Amino acid sequence: MQQVAVGLTPPSLKAEHHLQRPTPMGGGKRHSSAASTSGKKSRPSPSPPFTADDLTPVLSLLASAVSLSLRFLSDSDLLLLPSQTLSLESSLLSSSFSLSRLLSLLPSSSLQSLQTLALETSPSSSSSSSSWFLRFLSSSSSHGFDPRWIEVFRMSKPSFYLLLQHLSPSLLSDPSSGPPDHKLGAALFRLAHAAPFRGVARRFGLPSPAAACRAFYQVCKAVADQLGHLFELSSDLQRVVQGFTWMSLPNCCGVLGFARFSVEGELKGGSVIAQGLVDSEGRFLDVSVGWHGSMTPAQIITRTKLYKAQHVVLAGGPPVELNGVSVPRYLLGSSCCPLLPWLLTPFKMVDSRSSSSKDSIFNSVHARGMELADRAFGRVRARWQLLQTSWKEDCAEALPYVVVASCLLHNYLIKCSEPMPDEIEVCVKELKFLDFEGKEDEAGERIRDALASHMSLSGAMLD
(Lines give C-alpha, C1' and ligand atoms only; values in the text may rest on other atoms or scores of the structure.)
Protein backbone atom coordinates (compact mmCIF):
# COMPACT_ATOMS: atom_id res chain seq x y z
CA MET A 1 0.00 0.00 0.00
CA GLN A 2 1.40 3.36 -1.02
CA GLN A 3 1.15 5.96 1.72
CA VAL A 4 1.78 9.67 2.11
CA ALA A 5 3.05 10.57 5.56
CA VAL A 6 1.60 13.78 6.94
CA GLY A 7 3.40 16.21 9.20
CA LEU A 8 6.81 14.51 9.13
CA THR A 9 8.55 17.09 6.97
CA PRO A 10 8.13 20.83 7.48
CA PRO A 11 7.23 22.84 4.39
CA SER A 12 10.16 24.53 2.67
CA LEU A 13 8.38 27.86 2.39
CA LYS A 14 8.13 30.22 5.35
CA ALA A 15 5.23 29.05 7.50
CA GLU A 16 2.53 31.39 8.67
CA HIS A 17 0.95 30.57 12.01
CA HIS A 18 -2.41 32.06 11.07
CA LEU A 19 -4.56 31.35 8.02
CA GLN A 20 -6.00 34.82 7.48
CA ARG A 21 -9.47 35.30 6.09
CA PRO A 22 -9.67 37.69 3.12
CA THR A 23 -10.30 41.36 4.00
CA PRO A 24 -13.92 42.33 3.29
CA MET A 25 -14.60 44.56 0.28
CA GLY A 26 -15.16 48.28 0.80
CA GLY A 27 -11.87 49.62 2.14
CA GLY A 28 -10.51 50.02 5.65
CA LYS A 29 -12.04 53.34 6.69
CA ARG A 30 -13.55 53.17 10.18
CA HIS A 31 -17.05 54.45 10.96
CA SER A 32 -17.17 57.08 13.71
CA SER A 33 -19.34 56.65 16.77
CA ALA A 34 -21.27 59.70 15.67
CA ALA A 35 -22.16 57.97 12.43
CA SER A 36 -23.32 54.97 14.38
CA THR A 37 -25.58 57.01 16.63
CA SER A 38 -27.06 58.88 13.66
CA GLY A 39 -28.81 55.75 12.47
CA LYS A 40 -26.20 54.39 10.04
CA LYS A 41 -25.15 50.80 10.54
CA SER A 42 -21.60 50.40 11.73
CA ARG A 43 -19.26 48.05 9.91
CA PRO A 44 -19.17 44.67 11.69
CA SER A 45 -15.91 43.75 13.34
CA PRO A 46 -13.98 41.07 11.41
CA SER A 47 -14.09 37.61 12.91
CA PRO A 48 -10.86 36.43 14.45
CA PRO A 49 -8.76 34.42 11.96
CA PHE A 50 -8.61 30.65 12.12
CA THR A 51 -5.34 29.33 13.44
CA ALA A 52 -3.67 26.14 12.31
CA ASP A 53 -4.54 24.69 15.71
CA ASP A 54 -8.22 25.40 15.00
CA LEU A 55 -8.07 23.57 11.66
CA THR A 56 -6.02 20.58 12.78
CA PRO A 57 -8.89 18.60 14.44
CA VAL A 58 -11.15 19.15 11.42
CA LEU A 59 -8.46 18.11 8.95
CA SER A 60 -7.65 15.10 11.10
CA LEU A 61 -11.29 13.97 10.92
CA LEU A 62 -11.36 14.54 7.16
CA ALA A 63 -8.18 12.53 6.70
CA SER A 64 -9.56 9.67 8.78
CA ALA A 65 -12.83 9.74 6.82
CA VAL A 66 -11.01 9.53 3.47
CA SER A 67 -8.77 6.71 4.67
CA LEU A 68 -11.71 4.75 6.08
CA SER A 69 -13.67 5.30 2.86
CA LEU A 70 -10.78 3.93 0.82
CA ARG A 71 -10.56 0.95 3.13
CA PHE A 72 -14.32 0.36 2.77
CA LEU A 73 -13.96 0.52 -0.99
CA SER A 74 -11.17 -2.06 -0.88
CA ASP A 75 -13.12 -4.43 1.34
CA SER A 76 -16.32 -4.12 -0.71
CA ASP A 77 -14.90 -4.18 -4.24
CA LEU A 78 -16.41 -7.61 -4.97
CA LEU A 79 -19.88 -6.39 -4.00
CA LEU A 80 -19.96 -3.13 -5.96
CA LEU A 81 -20.47 -2.71 -9.69
CA PRO A 82 -17.34 -1.75 -11.67
CA SER A 83 -18.89 1.62 -12.52
CA GLN A 84 -19.46 2.25 -8.81
CA THR A 85 -15.95 1.28 -7.73
CA LEU A 86 -14.31 3.34 -10.48
CA SER A 87 -16.38 6.43 -9.67
CA LEU A 88 -15.84 6.17 -5.91
CA GLU A 89 -12.16 5.41 -6.33
CA SER A 90 -11.60 8.44 -8.56
CA SER A 91 -13.38 10.78 -6.13
CA LEU A 92 -11.67 9.40 -3.02
CA LEU A 93 -8.19 9.43 -4.52
CA SER A 94 -8.68 13.02 -5.65
CA SER A 95 -9.84 13.96 -2.14
CA SER A 96 -6.90 12.12 -0.62
CA PHE A 97 -4.27 13.92 -2.67
CA SER A 98 -5.96 17.31 -2.17
CA LEU A 99 -6.12 16.79 1.59
CA SER A 100 -2.50 15.65 1.74
CA ARG A 101 -1.45 18.81 -0.08
CA LEU A 102 -3.49 20.98 2.26
CA LEU A 103 -1.96 19.35 5.33
CA SER A 104 1.54 19.87 3.93
CA LEU A 105 0.93 23.64 3.92
CA LEU A 106 0.36 23.79 7.67
CA PRO A 107 3.33 24.83 9.84
CA SER A 108 5.23 21.96 11.39
CA SER A 109 4.65 23.29 14.88
CA SER A 110 0.93 22.77 14.46
CA LEU A 111 1.17 19.20 13.20
CA GLN A 112 2.35 17.49 16.37
CA SER A 113 -1.04 15.83 16.80
CA LEU A 114 -0.89 14.51 13.21
CA GLN A 115 2.54 12.90 13.37
CA THR A 116 1.08 9.39 13.21
CA LEU A 117 -1.60 10.09 10.59
CA ALA A 118 -1.12 8.67 7.10
CA LEU A 119 -3.40 8.91 4.11
CA GLU A 120 -3.80 5.88 1.87
CA THR A 121 -3.35 6.87 -1.76
CA SER A 122 -4.60 3.62 -3.26
CA PRO A 123 -7.31 1.22 -2.14
CA SER A 124 -6.26 -2.29 -1.32
CA SER A 125 -7.75 -5.18 0.52
CA SER A 126 -7.15 -5.28 4.24
CA SER A 127 -7.98 -9.00 4.40
CA SER A 128 -5.84 -10.30 1.56
CA SER A 129 -2.76 -9.29 -0.36
CA SER A 130 -4.02 -11.05 -3.51
CA SER A 131 -5.27 -9.05 -6.49
CA TRP A 132 -8.93 -8.27 -7.01
CA PHE A 133 -8.98 -10.59 -10.03
CA LEU A 134 -7.79 -13.61 -8.02
CA ARG A 135 -10.34 -12.89 -5.32
CA PHE A 136 -13.01 -12.52 -8.02
CA LEU A 137 -12.08 -15.89 -9.50
CA SER A 138 -12.12 -17.61 -6.10
CA SER A 139 -15.53 -16.15 -5.30
CA SER A 140 -17.02 -17.13 -8.65
CA SER A 141 -19.08 -20.28 -8.69
CA SER A 142 -17.62 -23.12 -10.72
CA HIS A 143 -21.15 -24.29 -11.52
CA GLY A 144 -24.07 -22.36 -12.91
CA PHE A 145 -24.36 -18.87 -14.30
CA ASP A 146 -22.64 -15.95 -12.55
CA PRO A 147 -24.03 -12.60 -13.83
CA ARG A 148 -21.00 -10.73 -12.50
CA TRP A 149 -18.92 -11.95 -15.45
CA ILE A 150 -21.16 -10.17 -17.92
CA GLU A 151 -21.16 -7.01 -15.81
CA VAL A 152 -17.38 -6.99 -15.41
CA PHE A 153 -16.14 -8.44 -18.72
CA ARG A 154 -19.23 -8.10 -20.97
CA MET A 155 -19.28 -11.87 -21.48
CA SER A 156 -20.10 -15.01 -19.53
CA LYS A 157 -17.47 -17.16 -17.88
CA PRO A 158 -17.58 -19.88 -20.58
CA SER A 159 -17.15 -17.28 -23.35
CA PHE A 160 -14.25 -15.70 -21.45
CA TYR A 161 -12.34 -18.97 -21.18
CA LEU A 162 -13.12 -19.97 -24.76
CA LEU A 163 -11.69 -16.63 -25.87
CA LEU A 164 -8.67 -17.19 -23.63
CA GLN A 165 -8.12 -20.53 -25.33
CA HIS A 166 -8.03 -18.80 -28.74
CA LEU A 167 -5.69 -16.00 -27.61
CA SER A 168 -3.33 -17.71 -25.16
CA PRO A 169 -0.62 -18.62 -27.72
CA SER A 170 -0.30 -14.93 -28.65
CA LEU A 171 -0.36 -13.75 -25.03
CA LEU A 172 2.47 -15.99 -23.82
CA SER A 173 5.16 -14.06 -25.72
CA ASP A 174 5.62 -11.43 -22.97
CA PRO A 175 5.41 -13.09 -19.53
CA SER A 176 6.67 -9.91 -17.82
CA SER A 177 3.25 -8.28 -18.16
CA GLY A 178 1.36 -11.10 -16.44
CA PRO A 179 -0.31 -14.46 -17.13
CA PRO A 180 -2.64 -14.73 -20.16
CA ASP A 181 -5.86 -14.83 -18.12
CA HIS A 182 -4.82 -11.71 -16.18
CA LYS A 183 -3.94 -9.92 -19.42
CA LEU A 184 -7.24 -10.80 -21.06
CA GLY A 185 -9.23 -9.83 -17.98
CA ALA A 186 -7.36 -6.54 -17.68
CA ALA A 187 -7.87 -5.66 -21.35
CA LEU A 188 -11.59 -6.49 -21.32
CA PHE A 189 -12.09 -4.56 -18.07
CA ARG A 190 -10.42 -1.45 -19.50
CA LEU A 191 -12.30 -1.79 -22.77
CA ALA A 192 -15.66 -2.30 -21.04
CA HIS A 193 -15.36 0.43 -18.40
CA ALA A 194 -12.76 2.90 -19.76
CA ALA A 195 -10.73 2.17 -16.61
CA PRO A 196 -7.35 3.94 -16.22
CA PHE A 197 -4.22 1.80 -16.53
CA ARG A 198 -3.31 2.54 -12.90
CA GLY A 199 -6.53 0.98 -11.64
CA VAL A 200 -6.34 -1.89 -14.13
CA ALA A 201 -2.81 -2.81 -13.00
CA ARG A 202 -3.83 -2.85 -9.34
CA ARG A 203 -6.99 -4.93 -9.90
CA PHE A 204 -5.28 -7.58 -12.00
CA GLY A 205 -1.98 -7.79 -10.15
CA LEU A 206 0.07 -6.42 -13.04
CA PRO A 207 3.48 -4.92 -12.16
CA SER A 208 2.76 -1.34 -13.24
CA PRO A 209 0.45 0.87 -15.32
CA ALA A 210 2.96 0.49 -18.16
CA ALA A 211 2.58 -3.29 -17.96
CA ALA A 212 -1.21 -2.89 -18.05
CA CYS A 213 -0.83 -0.73 -21.15
CA ARG A 214 1.34 -3.34 -22.88
CA ALA A 215 -1.11 -6.09 -21.95
CA PHE A 216 -4.05 -4.10 -23.33
CA TYR A 217 -2.52 -3.56 -26.77
CA GLN A 218 -1.15 -7.10 -26.84
CA VAL A 219 -4.69 -8.44 -26.35
CA CYS A 220 -6.07 -6.10 -29.04
CA LYS A 221 -3.45 -7.36 -31.49
CA ALA A 222 -4.13 -10.99 -30.55
CA VAL A 223 -7.87 -10.48 -31.15
CA ALA A 224 -7.17 -9.00 -34.60
CA ASP A 225 -4.77 -11.84 -35.48
CA GLN A 226 -6.75 -14.78 -34.10
CA LEU A 227 -10.35 -13.67 -34.69
CA GLY A 228 -9.96 -11.94 -38.06
CA HIS A 229 -11.87 -14.78 -39.72
CA LEU A 230 -15.03 -13.47 -38.02
CA PHE A 231 -15.20 -10.79 -40.73
CA GLU A 232 -17.10 -13.17 -43.02
CA LEU A 233 -17.89 -11.14 -46.14
CA SER A 234 -16.20 -13.38 -48.68
CA SER A 235 -16.63 -16.69 -46.85
CA ASP A 236 -20.33 -16.62 -45.95
CA LEU A 237 -22.13 -14.51 -48.54
CA GLN A 238 -24.93 -17.02 -49.11
CA ARG A 239 -25.98 -16.76 -45.48
CA VAL A 240 -25.76 -12.95 -45.67
CA VAL A 241 -27.90 -12.77 -48.84
CA GLN A 242 -30.53 -15.07 -47.33
CA GLY A 243 -30.80 -12.86 -44.26
CA PHE A 244 -31.61 -9.76 -46.31
CA THR A 245 -34.13 -11.61 -48.48
CA TRP A 246 -36.42 -11.78 -45.47
CA MET A 247 -36.18 -7.98 -45.27
CA SER A 248 -37.48 -7.55 -48.87
CA LEU A 249 -33.95 -6.82 -50.08
CA PRO A 250 -33.18 -9.61 -52.58
CA ASN A 251 -29.49 -10.14 -53.43
CA CYS A 252 -28.33 -7.62 -50.79
CA CYS A 253 -24.92 -8.41 -49.29
CA GLY A 254 -24.70 -5.89 -46.46
CA VAL A 255 -25.27 -2.40 -45.14
CA LEU A 256 -22.44 0.14 -45.26
CA GLY A 257 -22.29 2.54 -42.31
CA PHE A 258 -19.88 5.11 -40.87
CA ALA A 259 -18.99 6.15 -37.33
CA ARG A 260 -16.83 8.83 -35.74
CA PHE A 261 -14.56 8.26 -32.74
CA SER A 262 -13.44 11.39 -30.95
CA VAL A 263 -9.76 12.41 -30.83
CA GLU A 264 -8.40 15.47 -29.02
CA GLY A 265 -6.46 18.04 -31.03
CA GLU A 266 -6.33 18.70 -34.75
CA LEU A 267 -3.99 15.91 -35.86
CA LYS A 268 -6.95 13.78 -37.00
CA GLY A 269 -9.42 16.63 -37.50
CA GLY A 270 -11.01 15.97 -34.12
CA SER A 271 -12.06 12.40 -34.90
CA VAL A 272 -11.22 9.13 -36.61
CA ILE A 273 -13.81 7.73 -39.03
CA ALA A 274 -14.67 4.03 -39.33
CA GLN A 275 -16.43 2.38 -42.25
CA GLY A 276 -18.26 -0.83 -41.38
CA LEU A 277 -20.24 -3.34 -43.44
CA VAL A 278 -22.95 -5.14 -41.43
CA ASP A 279 -25.20 -8.14 -42.14
CA SER A 280 -28.87 -8.61 -41.22
CA GLU A 281 -27.92 -10.01 -37.78
CA GLY A 282 -25.72 -7.06 -36.85
CA ARG A 283 -22.39 -8.79 -37.49
CA PHE A 284 -19.54 -6.81 -39.01
CA LEU A 285 -18.49 -8.25 -42.37
CA ASP A 286 -15.75 -5.71 -43.05
CA VAL A 287 -14.26 -2.79 -41.08
CA SER A 288 -11.92 -0.04 -42.23
CA VAL A 289 -10.79 2.46 -39.58
CA GLY A 290 -8.37 5.36 -39.26
CA TRP A 291 -9.70 7.85 -41.79
CA HIS A 292 -9.13 11.54 -41.09
CA GLY A 293 -12.11 13.26 -39.48
CA SER A 294 -12.39 15.83 -42.28
CA MET A 295 -12.95 13.21 -45.01
CA THR A 296 -16.38 12.45 -46.46
CA PRO A 297 -17.75 8.90 -46.90
CA ALA A 298 -17.54 9.36 -50.68
CA GLN A 299 -13.80 10.03 -50.35
CA ILE A 300 -13.30 7.12 -47.95
CA ILE A 301 -15.16 4.48 -49.96
CA THR A 302 -12.89 4.67 -53.01
CA ARG A 303 -9.77 4.25 -50.84
CA THR A 304 -10.83 1.09 -49.00
CA LYS A 305 -10.00 -2.53 -49.72
CA LEU A 306 -13.72 -3.20 -49.97
CA TYR A 307 -13.98 -0.86 -52.96
CA LYS A 308 -11.10 -2.61 -54.70
CA ALA A 309 -12.46 -6.08 -53.94
CA GLN A 310 -16.20 -5.57 -54.48
CA HIS A 311 -16.11 -6.43 -58.20
CA VAL A 312 -14.69 -9.85 -57.27
CA VAL A 313 -16.67 -10.53 -54.09
CA LEU A 314 -20.05 -9.27 -55.23
CA ALA A 315 -19.84 -10.29 -58.88
CA GLY A 316 -19.12 -13.87 -57.81
CA GLY A 317 -22.82 -14.53 -57.19
CA PRO A 318 -25.66 -14.78 -59.67
CA PRO A 319 -27.92 -11.77 -60.35
CA VAL A 320 -31.67 -11.89 -59.86
CA GLU A 321 -34.23 -10.87 -62.48
CA LEU A 322 -36.71 -8.23 -61.25
CA ASN A 323 -39.21 -6.86 -63.73
CA GLY A 324 -36.92 -7.62 -66.64
CA VAL A 325 -33.89 -5.97 -65.01
CA SER A 326 -30.85 -7.99 -63.95
CA VAL A 327 -30.04 -6.99 -60.34
CA PRO A 328 -26.51 -7.99 -59.26
CA ARG A 329 -25.38 -8.40 -55.70
CA TYR A 330 -25.25 -5.00 -53.99
CA LEU A 331 -24.78 -3.14 -50.73
CA LEU A 332 -26.95 -0.47 -49.11
CA GLY A 333 -25.45 2.94 -48.42
CA SER A 334 -26.84 6.10 -46.86
CA SER A 335 -27.43 9.38 -48.69
CA CYS A 336 -23.87 10.48 -47.87
CA CYS A 337 -22.61 7.82 -50.30
CA PRO A 338 -22.58 7.92 -54.12
CA LEU A 339 -25.13 5.81 -55.98
CA LEU A 340 -23.29 2.99 -57.78
CA PRO A 341 -24.40 -0.25 -59.46
CA TRP A 342 -23.24 -2.14 -56.34
CA LEU A 343 -24.05 0.55 -53.73
CA LEU A 344 -27.69 1.63 -53.57
CA THR A 345 -28.65 4.83 -51.79
CA PRO A 346 -32.16 6.19 -51.03
CA PHE A 347 -34.17 8.30 -53.45
CA LYS A 348 -33.77 12.03 -52.97
CA MET A 349 -36.58 14.58 -52.56
CA VAL A 350 -39.35 12.03 -51.95
CA ASP A 351 -42.66 13.42 -50.68
CA SER A 352 -42.92 12.02 -47.14
CA ARG A 353 -46.72 12.37 -47.30
CA SER A 354 -46.92 9.86 -50.15
CA SER A 355 -46.07 6.67 -48.29
CA SER A 356 -47.56 4.44 -51.01
CA SER A 357 -45.30 5.51 -53.87
CA LYS A 358 -42.63 3.06 -54.94
CA ASP A 359 -39.88 5.54 -54.06
CA SER A 360 -41.26 5.97 -50.53
CA ILE A 361 -41.62 2.23 -50.04
CA PHE A 362 -38.04 1.69 -51.19
CA ASN A 363 -36.76 4.42 -48.86
CA SER A 364 -38.66 2.91 -45.92
CA VAL A 365 -37.18 -0.56 -46.49
CA HIS A 366 -33.78 1.02 -47.14
CA ALA A 367 -33.97 2.99 -43.86
CA ARG A 368 -34.80 -0.18 -41.94
CA GLY A 369 -31.69 -1.76 -43.44
CA MET A 370 -29.49 1.23 -42.61
CA GLU A 371 -30.56 1.00 -38.97
CA LEU A 372 -28.58 -2.25 -38.78
CA ALA A 373 -25.29 -0.39 -39.24
CA ASP A 374 -26.17 2.33 -36.75
CA ARG A 375 -27.27 -0.26 -34.22
CA ALA A 376 -24.11 -2.34 -34.67
CA PHE A 377 -21.80 0.62 -34.09
CA GLY A 378 -24.01 1.77 -31.22
CA ARG A 379 -23.79 -1.61 -29.52
CA VAL A 380 -20.02 -1.71 -29.92
CA ARG A 381 -19.76 1.68 -28.20
CA ALA A 382 -22.23 0.70 -25.48
CA ARG A 383 -20.53 -2.60 -24.69
CA TRP A 384 -16.97 -1.25 -24.94
CA GLN A 385 -17.25 2.14 -23.26
CA LEU A 386 -13.61 3.03 -23.87
CA LEU A 387 -14.72 3.93 -27.42
CA GLN A 388 -17.07 6.58 -26.03
CA THR A 389 -14.18 8.58 -24.55
CA SER A 390 -12.15 11.22 -26.35
CA TRP A 391 -8.72 9.80 -27.16
CA LYS A 392 -5.59 11.84 -26.57
CA GLU A 393 -3.78 12.96 -29.70
CA ASP A 394 -0.64 10.92 -28.95
CA CYS A 395 -2.77 7.73 -28.69
CA ALA A 396 -4.72 8.34 -31.90
CA GLU A 397 -2.57 5.95 -33.94
CA ALA A 398 -3.61 3.04 -31.70
CA LEU A 399 -7.34 3.83 -31.84
CA PRO A 400 -8.02 2.00 -35.17
CA TYR A 401 -6.62 -1.25 -33.75
CA VAL A 402 -8.86 -0.92 -30.70
CA VAL A 403 -11.94 -0.28 -32.87
CA VAL A 404 -11.20 -3.32 -35.04
CA ALA A 405 -10.66 -5.50 -31.95
CA SER A 406 -13.94 -4.22 -30.48
CA CYS A 407 -15.86 -5.08 -33.66
CA LEU A 408 -14.34 -8.57 -33.74
CA LEU A 409 -15.26 -9.12 -30.09
CA HIS A 410 -18.77 -7.95 -30.98
CA ASN A 411 -18.91 -10.66 -33.67
CA TYR A 412 -17.43 -13.24 -31.30
CA LEU A 413 -20.12 -12.58 -28.69
CA ILE A 414 -22.87 -12.89 -31.32
CA LYS A 415 -21.36 -16.21 -32.35
CA CYS A 416 -21.40 -17.29 -28.70
CA SER A 417 -25.07 -16.22 -28.44
CA GLU A 418 -24.20 -13.71 -25.73
CA PRO A 419 -27.10 -11.26 -25.36
CA MET A 420 -26.59 -7.57 -24.89
CA PRO A 421 -27.20 -6.82 -21.18
CA ASP A 422 -30.34 -4.75 -20.68
CA GLU A 423 -28.49 -1.89 -19.05
CA ILE A 424 -26.26 -1.37 -22.08
CA GLU A 425 -28.85 -2.08 -24.78
CA VAL A 426 -28.30 1.40 -26.15
CA CYS A 427 -28.16 2.53 -29.75
CA VAL A 428 -25.80 5.50 -29.90
CA LYS A 429 -26.98 7.83 -32.63
CA GLU A 430 -24.21 8.47 -35.10
CA LEU A 431 -23.48 12.00 -36.25
CA LYS A 432 -24.91 12.57 -39.70
CA PHE A 433 -22.66 13.13 -42.68
CA LEU A 434 -23.60 15.56 -45.43
CA ASP A 435 -25.48 14.16 -48.41
CA PHE A 436 -23.49 13.29 -51.50
CA GLU A 437 -23.99 15.99 -54.12
CA GLY A 438 -22.35 14.35 -57.14
CA LYS A 439 -23.97 12.83 -60.20
CA GLU A 440 -25.82 9.56 -59.74
CA ASP A 441 -24.74 6.50 -61.71
CA GLU A 442 -27.24 5.54 -64.46
CA ALA A 443 -26.80 1.80 -63.96
CA GLY A 444 -27.33 2.29 -60.25
CA GLU A 445 -30.54 4.22 -60.95
CA ARG A 446 -31.91 1.38 -63.12
CA ILE A 447 -31.15 -1.22 -60.46
CA ARG A 448 -32.68 0.92 -57.70
CA ASP A 449 -35.81 1.55 -59.80
CA ALA A 450 -36.18 -2.19 -60.44
CA LEU A 451 -35.93 -2.92 -56.72
CA ALA A 452 -38.40 -0.15 -55.88
CA SER A 453 -40.93 -1.50 -58.39
CA HIS A 454 -40.47 -5.03 -57.04
CA MET A 455 -41.10 -3.83 -53.47
CA SER A 456 -44.16 -1.87 -54.51
CA LEU A 457 -45.69 -4.81 -56.42
CA SER A 458 -44.89 -7.32 -53.66
CA GLY A 459 -46.36 -5.05 -50.99
CA ALA A 460 -43.15 -4.70 -49.01
CA MET A 461 -43.94 -2.84 -45.80
CA LEU A 462 -42.19 -2.10 -42.56
CA ASP A 463 -42.88 -4.48 -39.68
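Visitor: Is threonine 345 buried or exposed?

Guide: A residue counts as buried when its relative accessible area is under 20%. In this predicted model, threonine 345 has 2% relative accessibility, so it counts as buried.

Visitor: Where is the place of threonine 345, and which residues is it in contact with beyond its neighbours within four places in sequence?

Guide: Threonine 345 belongs to the loop between β11 and α13 (358-383). Its contacts, with those sequence neighbours set aside, are Gly333, Ser334, Cys337, Pro338, Leu339, Phe362, His366 and Arg448.

Visitor: Let's turn to the sheet. What order do its five strands have?

Guide: Strands of a sheet pair through backbone hydrogen bonds, either parallel or antiparallel. Here the sheet is open, with the order β7-β6-β5-β10-β11 and mixed pairing. At its edges stand β7 (284-292) and β11 (343-344); each has a single partner strand, so one side of each lacks a neighbour in the sheet.

Visitor: How many bridges join β6 and β7?

Guide: Seven, and β6 (residues 271-278) pairs with β7 in the antiparallel sense.

Visitor: Which strands does helix α10 lie across?

Guide: Helix α10 (residues 237-245) lies across β5 (252-262), β6 and β7, and runs at about 90° to β5.

Visitor: What do the buried residues of α9 pack against?

Guide: They pack against α6 (157-171), α7 (180-193), α8 (197-203) and α14. Among the buried residues of α9 are Ala211, Phe216, Gln218 and Val223. Helix α9 (residues 209-226) has 18 residues and reaches 25 Å from its first C-alpha to its last, close to the 26 Å expected at 1.5 Å a residue.

Visitor: And how many residues does the largest nonpolar core have?

Guide: The largest nonpolar core has 109 residues; Phe153, Leu163, Leu188, Phe204, Leu249, Phe258 and Trp384 have the most contacts inside it. Helix α14 (residues 399-415) provides the largest share of this core, ten residues.

Definitions and conventions: Residues numbered from 1 in each chain as written. Predicted model: local features only at pLDDT ≥ 70, side-chain atom pairs only at ≥ 80, totals over all residues. Heavy atoms only, no water. Core = buried A, V, L, I, M, F, W, Y, C linked by side-chain atoms within 4.5 Å. Buried < 20%, exposed > 50% of the residue type's maximum accessible area, 1.4 Å probe, protein only. Helix = DSSP H or I, 4+ residues; strand = E, 2+ residues; numbered from the N terminus. Pairing = 2+ DSSP bridges. Contact = heavy atoms within 4.5 Å. Axes fitted to C-alpha atoms, helices over the stretch in contact; angles between N-to-C directions. Expected span 1.5 Å × (residues − 1).
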